[in-house]
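User: I'd like to learn how to read local features off a model. Can you walk me through a few?

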Amino acid sequence: MRIARCVSTSADDSAPFYGVVQGEPGRERVAVIKGDPFFTGIEPTGVTHALEDVRLLAPIIPRSKIVGIGRNYADHAKEMGNDVPGEPSMFLVANTAVVGPGDPVVLPEWSEEVSYEGELCVVIGRICKDVPAEKAADVIFGYTVGNDFTARDRQRTDLQWARAKSFDTSKPLGPWIETDLDTEDLALVTRVDGEVRQDGTTADMVFGVRELVAAVSSAFTLLPGDVIMTGTPAGVGIVSEGQRVEVEIEGLGTLSNPVVRH
Ligand code: MG
């Protein structure tokens with residue numbers, strides 16, 4: 001099931017609502033559901049919209065945090081001159097960094113070197129702590145696509161990655177959450193202005209989704225709506241004002257964002 005968060009484009013005052021995206025590609029409809037699926041379950045209201053009549057928002061604004069995973073693909077660690085860590089390498093991202101599909105990514109004035117990083121994202125469905133890997137599926141709500149934009153110059157020079165990884169608009173998520181997905185071997189492709197830059201598979205993750213949920217929940221209590229970004233394959237690169245970055249993950253869809261500088 002695909003769960004989207006959206007606003008109606010036909011009503012000026014539309015509040016965000018959740019819906020289930022159904023139907024064939026190009027003819028999808030959004031069946032509006034009551035309340036918040038993270039807390040109230042999936043209950044259709046009977047109202048539906050054509051997908052083109054809504055604007056998709058980030059499918060989740062994490063209640064408390066995004067946990068990013070660094071160097072989780074050997075070929076990416078290598079291109080950055082690093083070794084693969086012996087256990088998952090974690091960093092925190094503020095929830096204010098999240099934007100949705102189509103939203104502009106604003107390059108900060110204090111960085112000249114912002115890179116894209118296409119990533120599979122795990123969305124947590126229930127409060128949990130110390131989850132064994134074999135029980136990880138019990139706490140996962142679903143999956144979405146993310147782009148872990150990173151100010152590479154500040155990542156090198158700042159003591160902590162807070163600014164490099166959490167600046168406003170740096171974490172596009174979307175287009176929706178897929179609740180039924182086998183993440184063992186999904187193609188992950190990132191394009192800049194249509195040109196393929198990353199062409200990987202989640203099969204190459206050093207630590208898989210279950211291991212990451214176990215490791216992250218051994219450090220942090222996870223809340224419904226928290227997100228784990230699982231790392232990026234090789235092919236990262238710097239973006240410029242005016243470019244558009246698309247991340248496509250098999251079975252999930254495409255997250256597309258323009259890059260701007262104010
Ligand atoms: Mg990353």
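User: Which charged end sits over the ring of F38?

Analyst: A charge sits over a ring if NZ of Lys or CZ of Arg is within 6 Å of the ring centre and within 35 degrees of the ring normal. Here the charged end belongs to R63, 5.4 Å from the centre of the F38 ring. R163 does likewise over W110, at 4.6 Å from the ring centre. Before going on: this is a predicted model, where local features need pLDDT of at least 70 and side-chain atom pairs pLDDT 80 or more, while totals for chains, interfaces and linings use all residues. Residues are numbered from 1 along each chain as its sequence is written, and side-chain values use heavy atoms, with hydrogens and water left out.

User: What kind of aromatic pair do Y18 and F38 form?

Analyst: Rings of Phe, Tyr and Trp (its six-membered ring) pair if their centres lie within 6.5 Å; planes under 30 degrees apart are stacked, over 60 edge-to-face, the rest tilted. The structure has 4 aromatic pairs. Y18 with F38 is edge-to-face, at 6.5 Å centre to centre and 65° between the planes. This pair links distant parts of the chain, 20 residues apart: Y18 is in strand β2 and F38 in helix α1. Helices (H or I, at least four residues) and strands (E, at least two) are DSSP runs numbered from the N terminus. Ring pairs also bring F141 into a cluster with Y18 and F38.

User: Is F38 buried or exposed?

Analyst: Buried means under 20% relative accessible area, exposed over 50%, partly exposed in between (1.4 Å probe, protein chains only). F38 is buried at 6%, and Y18 is buried too, at 9%.

User: Which residues are the protein donors of the magnesium ion?

Analyst: Donors are N, O and S atoms within 2.8 Å of the metal (3.2 Å for Na, K and Ca); water is not among the atoms, so sites may look incomplete. In this model they are E117 (OE), E119 (OE) and D148 (OD), lying 2.0 Å from the ion. E117 and D148 come from distant parts of the chain, 31 residues apart, each in a loop. E117 is buried at 4% relative accessibility, and D148 at 0%.

User: What is phi of T169 near?

Analyst: Most residues other than glycine have a negative phi, and most peptide bonds are trans. T169 has a positive phi near 75° and sits in the loop between α4 and β14. R71 is another non-glycine with positive phi, about 50°. As for peptide bonds, G174 to P175 is cis, with omega near 5°.
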